[in-house]
Amino acid sequence: MPQTPIPASSPPVVLDNVAKTYDGQVAVRPTTLSVEAHRICVLIGPSGCGKSTLLRMILGLVRPDQGRVLIAGEELDAENAVRLRRAIGYVVQDGGLFPHLTAGDNVTLLARYLGRDPAWIAARLSELAALVRLPAAALARYPLQLSGGQRQRVGIMRALMLDPPLLLLDEPLGALDPVTRFELQEELKQLFLELRKTVVLVTHDMNEAAHFGDHIVLLRAGAIVQQGSLEELLARPAEPYVRDFIRAQRSTLPQ
Amino acid sequence: MNARFPWVLGALLTGLFAPPAPAQDTIRIGSKRFTESYILGEIVTRTVERAGEARASHQRGLGNTAILFAALKSGAVHMYPEYTGTIAFELLGLKRAPEDIEALNRELSPHGLAVGVPLGFNNTYALAMAETRAAALGIRRISDLAQHAGLRFGLSQEFINRKDGWQALRAAYGFADTQVQGLDHGLAYEALAAGRVDVIDAYTTDAKIARYRLRVLEDDRRFFPAYEAVLLYRADLPQRYPRTWRALQSLERRITASQMISMNAAAELGAVPFSRIADDFLSGRIAAAGPGESGRRSFLETLFAGDFWRLTGEHLLLVFSSLALSVVVGVPLGILAARAPRARHFILGAAGVLQTIPSLALLAFLIAALGRIGTAPAVIALFLYALLPIVRNTCSGLADIPAPLRESAEALGLPAGARLRLIELPLAARSILSGIKTSGVINVGTATIAAFVGAGGYGERIVAGLAVNDHALLLAGALPAAAMALAIEGAFGALDRVLISPGLREPGVTSREEGA
């Protein structure tokens, strides 16, 4: 199936007045958010602030009770969800790999299902392995035989396989030890800039947000408190909570 | 599961349900699961053969009365030896026994059945004493017991408790005070021989009457209902096979109670084969129960007797055809149950209820519904019993997949069908396979009931062994069944290693590549 070309005029993702309630518990209050192309947008906030729910709405994994989700100008619904997801790469904590498939098969699963040329698939696989610096031998192993960092690299390869314009990452480095985490942070940022992807990243870690984000969206209790660059947030906090949240998490603030 | 599988299954089912080929020229004679019925069935079968009008096939040791009645009505068997009392009370549900065979036939004609050819003996309840003691006291009839106060009665619980049992008998014969002791029937003969009781209840043609030298007391007030041995047959049999019918009529009143006792004893105590007992009877001899002369076979000879491979083949056919059906039906039902929680209770509940249906009741129902005995009802019964483990394990295997994995598959952009095939079923495969294994192992055991409906298998030996109290024969059926169950267990272990992804193995994850 051909990928839908994204019209230059439409933002890659628009959440238009979306809201979600689970069994009387409000997860997301009516919220509107537009993600700009080729930028890294970080959703940050304490547990239960609704950041993951917003991310999953973009994929159609959660259907909003009200409002619309627009992917490159096209409204997401039950009909087009499967097709639109193929133009979105999704990475979760610990990679979300299928344990019964080897690393390589995890990466190529969708491409094989779509009947892509095997030679193209093989070439793309080694290209991606080089890109995320995964040893070729690891591709034949099963997820349980890989280290946490390797699993995460495979997860990223899987998300990049069909070269989607949009990447969604939900706490992608959450399960890693500090050393691996730092290493991957650096690599990922380089990768995103190099590939010029539109990225939406969910994290609860302010250091990570500061590292990646040129656009930070701070959430609390299902609503956006403030959004902008880190500098803007620090210079003109919308309310004391913004400064408190950033200070509490971040050991060294930029000057 | 490869693409050819449905074809193989289709061919298998066509084989099972196709009408038996030359049905016209074969008269099928049934018998029930006890020695006397086997012997009479064999005598009738030989008689039909000798008439030369049609082939005869003896469906030995079929289930209970209800199964035979269903088989007879559907035409799966044409006749079998039965007792007038059983026909009146169990088959027709009458309160009182009809006066005579004509009255019984009036009741049977709406069913398209008839009775005839009274064989000459009556197999009913009786009271018996040791011959020597009865002779010493001069007791010949039940009414004579009234003159001897202080006799000790050792009666079975069933006889004591039946409405038409001991209390009614006592009233009918006007016994005054009597000493009655409840006794297991199997122990009663020993108790009588040891002189610990004087009178026991028995069946009039019981082989042990000869062995323990008992005197059966004459029921001079005709208290016990008549259980006369007769042939129960499909009403059109005499017209369709007139020559055979004349031959069968020659059996009328040919077998006395004492001859029947001797034949039962020859089978049970002398281990004489039924076929020889029947041949001897028809050529005017009663097979002797001489122990040295007939000599039991060694256990190994019994185990690997000529029918071993036939029974093994039949047993395998029963187990695997029913298992294949259960997989084809059970896995989709399990998927449905996992998908729709509202349907789950209903599906698992229904599969659970199926398992609680007594096998003989289920078989009787299936024979009536299908109009035939043999492999088809047995396979369907086994299929129904095998459903629950497969449905339950498929459902739980799918429901236990962690939600993040399920979401990863969805987020990837795979449609629902592909997610099921490529992700969910492989992840649940281990649980599903273990459900199939459980069903397979259970089926090996349950398939022994197939002998009740003439579908063969190791159950044939178990049923025959139980009927004639031959423990070696019983074991020769039970041991191979146990071995088959173990083999299936082992085969599924091997299948597990082939079918289940190494990535799902818990501890020793295989590493085919060198570490890096």
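How close do the axes of helix 22 and helix 24 of chain B come, and at what angle do they cross?

Guide: A caution to begin with: this is a predicted model. Two packed helices are described by the angle between their axes and the distance between the axes. Take the pair in chain B on those terms. Helix 22 covers residues 416-446, and helix 24 covers residues 471-499. Their axes come within 9 Å. They cross at roughly 165°. Angles over 145 degrees count as roughly antiparallel. Helix 22 of chain B and helix 24 of chain B are therefore roughly antiparallel to each other. Their crossing is right-handed.

Now the residues that meet. From helix 22 of chain B come Ala429(B), Leu433(B), Lys437(B), Gly440(B), Val441(B), Val444(B) and Gly445(B). Helix 24 of chain B answers with a list that includes Ala481(B), Met484(B), Ala485(B), Ile488(B) and Phe492(B). Glu489(B) and Asp496(B) of helix 24 are also among the contact residues. Sorted by class, this contact has eleven nonpolar, two polar and three charged residues.

Next, the chain around the pair. Chain B has 24 helices and ten strands. Its C-alpha trace spans about 100 × 55 × 50 Å along the principal axes. Of the 516 residues in chain B, 43% are buried. Take the contacts in chain B with a separation of 6 or more: 76% of them join residues 24 or more positions apart.

Chain B also touches chain A. That contact takes 25 residues from chain B and 24 residues from chain A. On the chain A side, helix 2 (81-85), strand 6 (88-92) and helix 3 (103-113) each supply at least two residues. Helix 3 of chain A gives the most, with three residues. By class, this side of chain A has 18 nonpolar, three polar and three charged residues.

Chain A also holds an open sheet. Its four strands have the order 2-1-4-5, with antiparallel pairing. Strand 2 (25-35) and strand 5 (74-75) of chain A stand at the edges with a single partner strand each, so one side of each has no neighbour in the sheet. Strand 5 of chain A is joined to strand 4 (residues 66-71) by two bridges. Leu70(A) has Glu75(A) of strand 5 as its bridge partner. Helix 1 (residues 51-58) of chain A lies across strand 1 (13-22), strand 2 and strand 4. Helix 1 runs at about 120° to strand 1 of chain A.

Key: Residues numbered from 1 in each chain as written. Chains lettered and ligands numbered in written order. Predicted model: local features only at pLDDT ≥ 70, side-chain atom pairs only at ≥ 80, totals over all residues. Contact = placed C-beta atoms within 7 Å. Nonpolar A, V, L, I, M, F, W, Y, C, P; charged D, E, K, R; others polar. Buried ≥ 20, exposed ≤ 12 C-beta atoms within 10 Å, placed from the backbone. Axes fitted to C-alpha atoms, helices over the stretch in contact; angles between N-to-C directions. Parallel < 35°, antiparallel > 145°, perpendicular 65-115°, else oblique. Left-handed = near helix turned anticlockwise from the far one by under 90°. Pairing = 2+ DSSP bridges.
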